[in-house]
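Dear colleague,

I am passing on the structure we spoke about, together with some notes on what turned up when I went through it. Please look at it alongside the text below.

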Amino acid sequence: MAIVKIDNVTKKFGNFTALGGIHLEIQQGEVYGFIGPNGAGKTTTIRILLGILKATSGVAQIFGLNAWDDAVEIHKRIAYVPGEVNLWSNLTGGEVIDLFVRLRGSNHKSRREELIERFDLDPTKKCGTYSKGNRQKVALVAAFAADADLYILDEPTSGLDPLMELTFRECVAEAKEAGKSVLLSSHILSEVERLCDRVSIIRQGQIIESGSLKELRHLTMTRVRVETAMPILHLEEIPGVQNVEVFAGGASFQVEGSRLGEVLKQISQYDILALESAPPTLEDLFIHHYQGEA
Amino acid sequence: MIRKLFHNTTVLAGLIWRRDRMRIPVWILSIALVSISVAMSFPSLYPEGPERFIIAETLKNPAMISMIGPGYGLGNYHIGAIMAHQMLLFTAMAVAMMNIMLTIRHTRRDEESGRIEVIRSLPVGRLSNAAATILVLAITNISLGLVMSVGLGVLGLEGMDWAGSLLYGAVLTTVGIFFAALTLLFSQLTETSRAAQGYTFAFLGVAYLLRAIGDIGSETLSRLSPLGLILRTQVYVQNYWWPIWVVLVLAGIIGCAALRLNATRDLQAGIIAARPGRRYASRLLRSPLGLVWRLERTSILSWAVGIFILGASYGSVFRDIDSFFQTSDLYQKILPMIEDFSLSEQFVAMLLSIMSMMAAIPALLILLKLGAEEKANRTEHLLARAVSRSGLLGSFLVIAMVVAVIMQVLSVLGLWTVAALSIHGNPFPFFETLWAGMIYVPMMWILLGVATALLGFFPKRTGMVWLYLTYSFFTIYLGNILQLPEWMAKLTPWGHVPNVPLEPIKSSTVVVSLLLAIILIGLGFYGYNKRDIRG
């Protein structure tokens, strides 16, 4: 069952089109990565899902309910961490966490204490004295202390140190294990790569690619470095090969994922001594999409 | 060594001036213009003759002395003496507030937001920012004093000679520098700008109270307060300069102590350790309603005290009011004449109206806070949880409406208590006055309705409601003097209120205004549920 369903959603602010008809579906138990540069429309999409912004056209649903009309009903079952956490400077972190948890209606005291410990947060300090990372921890503790069915996380780790990032990843993994769904918006690609089952890439209000990481990789180039006994002839002319660099005793090049087998077959006749192939990283994917179409 | 500590101070002073080149002149000019225009109005308010003597008599009661300070030269109450008596203390307090806010802004707040850290990573001395702040504020205070001295001196009003005007300006400069130094000290002591601001304002309040108590009974107590001390200059009457030197020396000592602490402490640390706050939220803090109360309670309490004092200060003038009004042409113009009622009764009707406008301010501030929360991206925390938009808007509105009622009750209470204390015998009856004050509550709610509608449809234009309140104030308060046509007053809710307690309350007025408030509020809710929330 699709937990989140976005069907042909557009959003216009005056003349500016922030979202130009996007589709997105998150299945139960899935960690879904939502990547794109600043200003691409990630936060706008999330705010439409939260019922804070009203879609100009199209359908946005969570749990089969309309994100705008049934916002309160939906919000009882979701947890949200905004990208920039602004808190009331004269309330303590502990007070804010309690307030947030109570506003959802659930209360898990032991879970709260455990998370405060794991995220190494001092809940007795006023929010005004917290650093960006600590404010983010407040939002994360409040979110994971809630027993939600869907976690919407908008760049949740941008202020966290590597240790806390690890804790965050553990929390996401635990949620996934418990069968929860997660929408993780980020531009930290290693994070998405490690956590997400499927990914959508958004650019200028359009989703330009989505699918599992494996599927996406297939669409792009694999980097190959090969050493051969005999010099490889006419490497550039093999279909699907690009960016060739020849050096003494070998060459490195990129090859389209779908043609890898064929290319290797041809090269093998020059006696392969060593072969390294690296699958494209998400970063390669990202840059490929952005530079290719800019 | 010393030069190292102050390296590049002038460059930083330039930066402060660049950031505040509008703010500082606006402060100086608004304080100076208010004082000068009030001084200009005094000759027509207090024409020479026996009524001056009567005013001087009314000002001798303890309530008045504790409010505005001891009167000097009441025997020969010329315009200069009136000015120093009625304006100097409050102007000095305004100057103190200006210095508190500007100093915090450039010291602890910049430190809190991490801007000082960036500055300190450059070749800049450890004390340069504090020194630059002092430098800019010293120049600001001196300019303010000069503008004031020249402005008052040029008027050349009766009793306002140049020697007195120069001292008048010097008093304000001195008070300004003292509070700048004091704020700098508190900025070293506390870790947050809010705490520093709170402590300094508390100091200002204590200084005012100490002077109030001292002025009634104990000269020594008054002199312990910088505000009390500075009034001992007896501007335009005796023109003593010694209090100026004493306060300046004190300011110097406090400033040096602040610099010393600044030089030795760590960046972003305070001397008074911030005490740990609550680990858990209280039972109250479990709903948007609880949150609004938690966020606003300090300001609600301070407003409650302020509104009560305002009512009390109006109440304190009642003792000799009838004899005063009979001699004042201006006030006879302000008050619409109605036969068969004493002037003080008519004065009550007008006061209730004015005080309800003042009491509407805290209620509006609370409601408009919702707009500020949205701007600061904090409503999304709430709306992303199981909180409906109506619930959120409703929480702010309910507290604002209740606050409107409480403030109006407090103002009537303040007015009645002090009036009853100072008029021996039979003051106006309490419940009748309270009931008359309550007729203004629907009008205050209409104003809240306007603000709600703005929040629903024009969230960026919520400031319009302040214009409307200001318009109401001017048309009602000054309408009779300026001979404004009646329809101008009828554009405000206040223009439709019967002249209670002189005229009977018409139930139709109450019903219509409540209906109007409900319609406006309903519109606001409709709009708020329909529109995009910015954050």
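By a nonpolar core I mean a set of buried Ala, Val, Leu, Ile, Met, Phe, Trp, Tyr and Cys residues joined through side-chain atoms within 4.5 Å. Please keep in mind that this is a predicted model.

The largest nonpolar core holds 146 residues, and those that touch the most other members are I62(A), W88(A), F144(A), I152(A), L153(A), F168(A) and L367(B). Taking I152(A) as an example, and leaving aside residues up to four places away in sequence, its contacts are I46(A), L50(A), I62(A), I78(A), A79(A), Y80(A), V81(A) and L183(A). Another core lies apart from this one, with 81 residues that include L45(B), M87(B), M160(B) and L227(B). As background, nonpolar side chains tend to be buried together in soluble globular proteins.

One helix in chain A shows two sides. In α4, which spans residues 109-118 of chain A, the buried residues are R112(A), L115(A) and I116(A). Viewed down the axis of α4(A), these buried residues fall within an arc of 100°, and they therefore line one face of the helix. S110(A) and E117(A), on the other side of α4(A), are exposed. The cover over the buried residues of α4(A) includes α3 (93-104), α5 (132-144) and α6 (162-177) of chain A. After α4(A) comes D120(A), which has a positive phi, near 55°.

The largest cavity contains about 130 Å³ of space. It is lined by 15 residues, of which E111(B), I116(B), N129(B), A130(B) and N262(B) are the closest to its centre. At least two residues of this lining come from each of α7 (108-112), α8 (115-120), α9 (128-155) and α10 (162-189) of chain B. By class, the lining of the largest cavity divides into 5 nonpolar, 5 polar and 5 charged residues.

The second largest cavity, with a volume of about 110 Å³, has a lining of 13 residues, and nearest its centre lie P70(B), Y72(B), A84(B), H85(B) and L231(B). Helix α6 of chain B (residues 79-106) gives the largest share of that lining, 5 residues. The lining of the second largest cavity has 10 nonpolar and 3 polar residues, and no charged residues.

With best wishes

Conventions
Residues are numbered from 1 along each chain as its sequence is written. Chains are lettered from A and ligands numbered from 1 in the order in which they are written. This is a predicted model: local features need pLDDT of at least 70, side-chain atom pairs count only at pLDDT 80 or more; totals for chains, interfaces and linings use all residues. Side-chain values use heavy atoms; hydrogens and water are left out. Buried means under 20% relative accessible area, exposed over 50%, partly exposed in between (1.4 Å probe, protein chains only). Helices (H or I, at least four residues) and strands (E, at least two) are DSSP runs, numbered from the N terminus. The arc is that of the directions from the helix axis to the C-beta atoms. Contact means heavy atoms within 4.5 Å. On a 1 Å grid over the protein atoms alone, a cavity is a set of points where a 1.4 Å probe fits but cannot get out, and a pocket is an open set with protein on both sides within 12 Å along at least five of seven lines; lining residues have an atom within 4 Å of a point. Grid points are joined across faces, edges and corners, and a volume is the space filled by probe spheres set on the points. Ala, Val, Leu, Ile, Met, Phe, Trp, Tyr, Cys and Pro count as nonpolar, Asp, Glu, Lys and Arg as charged, and the others, Gly among them, as polar.
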